[in-house]
Amino acid sequence: MRRGQRCLTRPGDKVGRSVIGREYRALVDVAVILVGAGAGAVASILTAYATYRLTARQDQRKWRAELAEKYALLTADQPRAAQALARQFAVGVLIMERGDAALREKVFIAPYTRMRAGRAEDNEIVLPTPKASGHHFAISADGETAYVEDLGSANGTWLNNSQVHGRTPLRAGDLIRVDDSCHVEFQPLTSSASSA
């Protein structure tokens with residue numbers, strides 16, 4: 001201490017300690033309040049995020065179900081309208097050649113749907129070859145990837161010269177064959193399907 005200054009409290013004086021103690025407690029109280037407010041804000045943000053994610057998932061499930069239902073209804077009565085709907089949201093496209101490159105047909109694969117291919121007229125994709133079974137193979141899709149699956153056909157379904165066993169993912173340029181006169185090429189329309 002310098003000369004001329006007066007000390008209001010002496011070392012060991014209880015008044016000095018109580019002032020410091022009150023200041024310390026006030027700082028601790030402020031810190032507790034700030035930590036509590038921060039924790040409350042974080043909890044609010046996490047709750048809002050979780051609510052948003054759950055709502056988004058529910059909306060997405062509802063949209064998938066509605067799209068699949070609308071596609072199924074249109075396929076039965078209005079195949080052209082079903083393909084117009086599929087074209088808007090397509091995961092991929094099947095390009096069918098029937099012996100001659102001039103006889104090409106495109107079939108768009110809507111997400112969350114399943115189409116059958118075969119000789120029978122009740123298929124979404126009718127294969128005009130006598131070697132095709134009535135219900136030969138199925139094409140299905142999730143949100144990003146299309147799949148081919150043999151339906152127990154007599155002659156089998158071939159994907160790039162390998163016989164299909166089970167649900168098999170399709171990649172860009174894959175060829176699905178029933179016989180030499182009829183093959184179907186797959187081309188993805190989403191970026192993730194082309195890199196799969």
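A residue is classed as partly exposed when its relative accessible area lies between the buried range, under 20%, and the exposed range, over 50%. In this predicted model, Asp-122 falls in the intermediate class, with a relative accessibility of 47%. The side chain of Asp-122 forms a salt bridge with that of Arg-116, at an N to O distance of 3.3 Å. Arg-116 is likewise partly exposed, at 28% relative accessibility.

A search of the whole structure identified two salt bridges. Besides the Asp-122 and Arg-116 pair, the side chains of Arg-114 and Glu-149 meet at 3.6 Å, N to O. Because Arg-114 belongs to strand 3 and Glu-149 to strand 6 (residues 146-150), this contact ties together parts that are 35 residues apart in sequence. Arg-114 is partly exposed, its relative accessible area being 45%, and Glu-149 is also partly exposed, at 26%.

An open sheet of five strands is present, arranged in the order 4-3-5-6-9 with mixed pairing. Its edges are formed by strand 4 (125-126) and strand 9 (168-169), each of which pairs on one side only. Strand 3 (residues 114-118) runs parallel to strand 4, and two bridges join them. Within this pairing, Ala-117 has Ile-125 of strand 4 as its bridge partner.

Contacts involving aromatic rings were also considered. The charged end of Arg-167 is positioned over the ring of Tyr-147, 3.7 Å from the ring centre. By contrast, the count of aromatic pairs, for which ring centres must lie within 6.5 Å, is zero.

Key. Residues numbered from 1 in each chain as written. Predicted model: local features only at pLDDT ≥ 70, side-chain atom pairs only at ≥ 80, totals over all residues. Heavy atoms only, no water. Phe/Tyr/Trp six-rings, centres within 6.5 Å; stacked < 30°, edge-to-face > 60°. Lys NZ or Arg CZ within 6 Å of the ring centre and 35° of its normal. Pairing = 2+ DSSP bridges. Helix = DSSP H or I, 4+ residues; strand = E, 2+ residues; numbered from the N terminus. Salt bridge = Lys/Arg side-chain N within 4 Å of Asp/Glu carboxyl O. Buried < 20%, exposed > 50% of the residue type's maximum accessible area, 1.4 Å probe, protein only.
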